[in-house]
Amino acid sequence: MDVLFYRSGSGNEPVREWLKGLAKQDKKVIGEDIKTVQYGWPIGMPVVRKLDNRLWEIRSHLDKRIARVLFTVYSGNMILLHGFIKKSRKTPAADIKLASARKADLEVCNE
């Protein structure tokens, strides 16, 4: 399965931009987790957790922090929708809502 970055209507790739701002070691850990999902799909806990209809999170454990990359599978591709550093125990509803909106945008643009 290919891994693609969600691209907004204005051409921004939010997950790619977020990753660029992280430390090299953090990027390496997240990249390895993405690769694990890419080549092992379908895969479950502890690496991947389902959040909603066709929306999953990759769970990366960084040094003293936790990162999440929310994704969907669309037309046989893994589309990275949203990435963030988790600050609370539960995945924030605003982050899920943002990823869901991007997933809906992706589906509308490709119909």
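In this predicted model, the hairpin of S2 and S3 has 2 residues between the strands, and Arg-54 there takes a positive phi near 60°. Strand S3 also pairs with S4, and the two run antiparallel. Trp-56 of S3 and Phe-71 of S4 belong to one aromatic cluster together with Trp-41. This briefing takes the strands and then the aromatic rings.

**Strands and hairpins**

- Strands S2 and S3 pair in the antiparallel sense, and 4 bridges connect them.
- Across this pairing, Lys-50 stands opposite Trp-56 in S3.
- Strands S3 and S4 are antiparallel as well, joined by 7 bridges.
- Within this second pairing, Arg-59 has Arg-68 in S4 as its bridge partner.
- S3 and S4 also form a hairpin, with 2 residues between them. In its turn, Lys-64 has a positive phi of about 65°.
- Strand S3 is largely enclosed by the rest of the structure, because 7 of its 8 residues are buried.
- In a regular strand, side chains alternate between the two faces of the sheet.

**Aromatic pairs**

- The model holds 3 aromatic pairs.
- One of them is formed by Trp-41 and Phe-71: the ring centres are 5.5 Å apart and the planes stand at 80°, so the pair is edge-to-face. The cut-off for this class is an angle over 60 degrees.
- This pair links distant parts of the chain, 30 residues apart. Trp-41 is in the loop between helix H2 (24–40) and strand S2 (48–52), whereas Phe-71 is in strand S4 (residues 65–74).
- Trp-56 and Phe-71 form a pair with ring centres 5.7 Å apart and planes at 25°, so this pair is stacked. Stacked pairs have planes under 30 degrees apart.
- In general, a pair of aromatic rings is described by the distance of the centres and the angle of the planes.

- One aromatic cluster is made up of Trp-41, Trp-56 and Phe-71.
- Phe-71 has a relative accessibility of 0% and therefore counts as buried.
- Trp-56 also counts as buried, with a relative accessibility of 14%.
- Trp-41, by contrast, has a relative accessible area of 26% and is partly exposed. The cut-off for a buried residue is under 20%.

Technical notes:
Residues are numbered from 1 along each chain as its sequence is written. This is a predicted model: local features need pLDDT of at least 70, side-chain atom pairs count only at pLDDT 80 or more; totals for chains, interfaces and linings use all residues. Side-chain values use heavy atoms; hydrogens and water are left out. Rings of Phe, Tyr and Trp (its six-membered ring) pair if their centres lie within 6.5 Å; planes under 30 degrees apart count as stacked, over 60 as edge-to-face and the rest as tilted. Buried means under 20% relative accessible area, exposed over 50%, partly exposed in between (1.4 Å probe, protein chains only). Two strands pair if DSSP finds at least two bridges between them.
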